[in-house]
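I opened a new page for this chain. My plan is to look up a few things and note each one.

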Amino acid sequence: MNEIKKAALHTIDAHANTFTAISDAIWDEPELSLNDVADSLHLSVGYLCMLFKQETGVTLKNHITDVRIEEAKRLLRTGHAKIYEICTAVGYPNSQYFSQVFYKKVGMYPAEYRRTGRDEA
């Protein structure tokens with residue numbers, strides 16, 4: 001194995017616990033962006049995304065989106081906050097974009113989800 005691959009594998013191993021920490025941090029702070037995470041690790045966004053995908057099998061962007069949508073679903077089921085408040089709370093400053101992402105992931109719009117309280121089968 002060449003030295004570059006060895007160094008890359010060592011970096012991935014060194015960051016394995018970091019990926020668990022990233023997941024935990026995103027659950028705690030769903031409004032975190034890719035830039036925030038990369039900056040905190042002193043890595044470029046591209047390099048962080050490559051490492052995360054190699055380690056977890058999913059892209060960091062998809063992971064962050066999934067975390068945000070799961071939190072939004074919880075808030076829609078349990079609270080009375082307005083949809084624009086929920087979208088801001090989970091890291092989407094634009095409620096129209098949030099609704100599009102929510103629909104793509106869940107199969108229904110946030111207002112529909114709030115009424116039914118469950119994912120579309």
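Which residues in helix 4 meet which residues in helix 6? I looked this up, taking contact to mean heavy atoms within 4.5 Å. From helix 4 come Asn62, Thr65, Asp66, Ile69, Ala72, Lys73 and Leu76. They meet Phe98, Val101, Phe102, Lys105 and Val106 of helix 6.

I noted the ground rules next. The model is predicted, local features need pLDDT of at least 70, side-chain atom pairs count only at pLDDT 80 or more, and totals for chains, interfaces and linings use all residues. Residues are numbered from 1 along each chain as its sequence is written, and side-chain values use heavy atoms, with hydrogens and water left out.

**Overall layout**

I found seven helices and zero strands in the chain. Helices (H or I, at least four residues) and strands (E, at least two) are DSSP runs, numbered from the N terminus. Of the 121 residues, 32% are buried. Here buried means under 20% relative accessible area, exposed means over 50%, and partly exposed lies in between (1.4 Å probe, protein chains only). I also checked contacts between residues at least 6 apart in sequence: 54% of them join residues at least 24 apart.

**Helix 4 and helix 6**

I went back to this pair for its geometry. The two helices pack at an angle of about 95 degrees, and their axes are 10 Å apart. Axes are lines fitted to C-alpha atoms, for helices over the stretch in contact, and angles run from 0 to 180 degrees between N-to-C directions. Helix 4 is therefore roughly perpendicular to helix 6, a label for angles of 65 to 115 degrees.

I checked the span of helix 4 too. Buried residues of helix 4 include Leu60, Ile64, Arg68 and Glu71.

**The cores**

Where is the largest nonpolar core built from? It has 13 residues, and Ile69, Ala72, Tyr92, Phe98, Phe102, Val106 and Tyr113 have the most contacts inside it. Helix 4 (60-78), helix 5 (83-89) and helix 6 (95-106) each supply at least two of its residues. Helix 6 gives the largest share, four residues. By a nonpolar core I mean a set of buried Ala, Val, Leu, Ile, Met, Phe, Trp, Tyr and Cys residues joined through side-chain atoms within 4.5 Å.

Leaving out residues up to four places away in sequence, Ala72 touches Ile86, Val90, Phe98 and Phe102. Another core, of nine residues, lies apart from the largest one; Val37, Ala38, Leu43 and Ile64 are among its members.

**Helix 2 and helix 3**

These two helices pack at about 90 degrees, with axes 9 Å apart. They are therefore roughly perpendicular to each other. Leu34, Asn35, Val37, Ala38 and Leu41 in helix 2 meet Val45, Leu48 and Cys49 in helix 3. Asn35 is partly exposed, at 46% relative accessibility.

I counted zero disulfides, a disulfide being a pair of cysteine sulfur atoms within 2.5 Å. Cys49 is partly exposed at 22%, while Cys87 is buried at 1%.

Is Arg115 buried or exposed? Arg115, in helix 7, is exposed, with a relative accessible area of 66%.

Conventions:
Angles under 35 degrees count as roughly parallel, over 145 as roughly antiparallel, 65 to 115 as roughly perpendicular and the rest as oblique.
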